[in-house]
Amino acid sequence: MVGAGILILPHAMSQLGWGPGVGVLVMSWIITLYTLWQMVEMHEMVPGKRFDRYHELGQHAFGEKLGLYIVIPLQLIVEVGVGIVYMVTGGSSLQRFHQLVCEHCKEIKLTYFIMIFASVQFVLSHLPNFDSISGVSLAAAVMSLSYSTIAWGASLKRGVKSDVQYGYKSKTTAGTVFNFFNSLGSIAFAYAGHNVVLEIQATMPSTPKKPSKGPMWKGVIAAYVAVAICYFPVALIGYWIFGNEVDENIFKSLEKPVWLIAMANLSVVVHLIGSYQIYTMPVFDMIEYLLVKILKFKPSWMLRSVSRNIYVAFTMFIGITLPFFGGLLGFFGGFAFASTTYFLPCIIWLAIYKPRKFSLSWFTNWVSAKSSIIIFLSFCFENKKPY
């Protein structure tokens with residue numbers, strides 16, 4: 001649940017300001033926890049059937065064809081977008097690590113560090129399923145707690161400088177508005193677990209007496225406690241210490257102690273190695289389904305190897321071509337993450353359960369759904385910046 005989006009939260013706060021920033025952070029945490037609960041509950045809403053993929057849930061709510069047309073494009077944008085952003089962030093963190101530990105070495109282009117990060121993914125992508133990457137996922141989880149703690153701890157160690165400013169950095173009203181909406185997309189990017197939660201729940205055993213939603217919900221609660229522990233201190237302390245001068249990646253604003261910041265960047269790399277695999281596994285599943293079931297290729301080790309390597313190479317190439325970390329976060333966060341995280345679970349819930357009009361369930365779902373429309377607008381504004 002704790003993703004690379006945490007690195008940009010202080011910068012997002014600087015574009016929102018104290019009041020709106022804290023409000024958006026808290027409301028996002030509450031709304032996404034609620035929609036995640038909905039997805040866990042809907043996983044086995046039909047006796048004897050499990051909706052193990054996001055699009056299967058969409059098909060049950062909207063129909064066989066319409067469900068596919070609504071869910072698959074959005075989910076692919078999210079999962080491929082995460083892969084691209086994680087390629088860029090992993091390479092950037094490796095580059096920063098190299099700069100810190102080898103200050104007098106010749107500077108190496110970001111392109112080569114992205115390729116180094118991708119080389120690990122070429123190997124790990126041959127692991128067959130979620131269960132096989134549990135060790136990698138555990139390492140990623142530990143690293144996320146580590147680097148987030150270092151981020152706010154090192155910021156506190158630095159302290160607040162006398163010239164820090166908390167006002168909006170843009171000098172024009174239009175620029176301030178555009179930055180505001182872009183930051184909403186960045187925060188939406190930070191809450192991305194909904195796009196793979198059904199696939200993860202599908203790996204858990206389930207019986208009529210002991211359905212998987214019980215232990216799954218306990219896991220969600222634990223994950224969201226970790227999200228709160230990581231996200232809020234980094235966002236609030238990072239903004240408090242650096243003000244509106246904080247970098248898009250908070251570790252670029254931190255310089256001392258050098259060894260600690262270097263270790264934090266290395267922790268980010270390890271975390272992203274595991275996170276990339278989590279969001280890539282469903283894409284591999286879709287690719288292999290298309291090749292075997294639709295295009296009638298014979299399933300084999302060679303087919304899996306070639307298709308997965310091509311996909312990793314694709315995300316690497318796009319990451320090298322478009323290494324704009326903050327811009328990518330705003331784009332994917334505003335366009336797709338808001339829909340699959342805030343909007344779709346509520347609409348699916350309304351379509352299936354049909355709660356009574358103006359009841360608590362009806363009201364809660366419509367408020368959450370409409371809030372995602374506002375975040376979706378951040379995508380539109382992000383792509384019309386006047387500078």
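Is Cys346 buried or exposed, and what is the relative accessibility that decides it? Cys346 counts as buried because its relative accessibility is 0%, where buried means under 20% relative accessible area, exposed means over 50%, and partly exposed lies in between, with a 1.4 Å probe and protein chains only. The model is a predicted one, in which local features need pLDDT of at least 70 and side-chain atom pairs count only at pLDDT 80 or more, whereas totals for chains, interfaces and linings use all residues. Residues are numbered from 1 along each chain as its sequence is written, and side-chain values use heavy atoms, with hydrogens and water left out.

Cys230 is likewise buried, with a relative accessible area of 1%. Cys102, by contrast, is partly exposed at 23%, and Cys105 is partly exposed at 37%. These last two residues, Cys102 and Cys105, form a disulfide in which the sulfur atoms lie 1.3 Å apart, the criterion being a pair of cysteine sulfur atoms within 2.5 Å. The structure holds one disulfide.

The helices come next. Two packed helices are described by the angle between their axes and the distance between the axes. Here the axes are lines fitted to C-alpha atoms over the stretch in contact, and angles run from 0 to 180 degrees between N-to-C directions; helices themselves are DSSP runs (H or I, at least four residues), numbered from the N terminus.

Helix H2, residues 18-42, packs with helix H7, residues 173-190, at an angle of about 30°, their axes being 11 Å apart. H2 and H7 are therefore roughly parallel to each other, since angles under 35 degrees count as roughly parallel, over 145 as roughly antiparallel, 65 to 115 as roughly perpendicular and the rest as oblique. In their contact (heavy atoms within 4.5 Å), Pro20, Val24, Leu25 and Ser28 of H2 meet Phe180, Leu184 and Ile187 of H7. By class, the residues of this contact divide into six nonpolar, one polar and no charged, with Ala, Val, Leu, Ile, Met, Phe, Trp, Tyr, Cys and Pro counted as nonpolar, Asp, Glu, Lys and Arg as charged, and the others, Gly among them, as polar.

Helix H11, residues 258-294, and helix H12, residues 301-321, pack at about 130° with their axes 10 Å apart, and H11 and H12 are therefore oblique to each other. The residues of H11 that take part include Tyr276, Phe284 and Leu291, while those of H12 include Leu303, Tyr311 and Thr315. The contact of H11 with H12 has 10 nonpolar, three polar and three charged residues.

Terms used
Helices (H or I, at least four residues) and strands (E, at least two) are DSSP runs, numbered from the N terminus.
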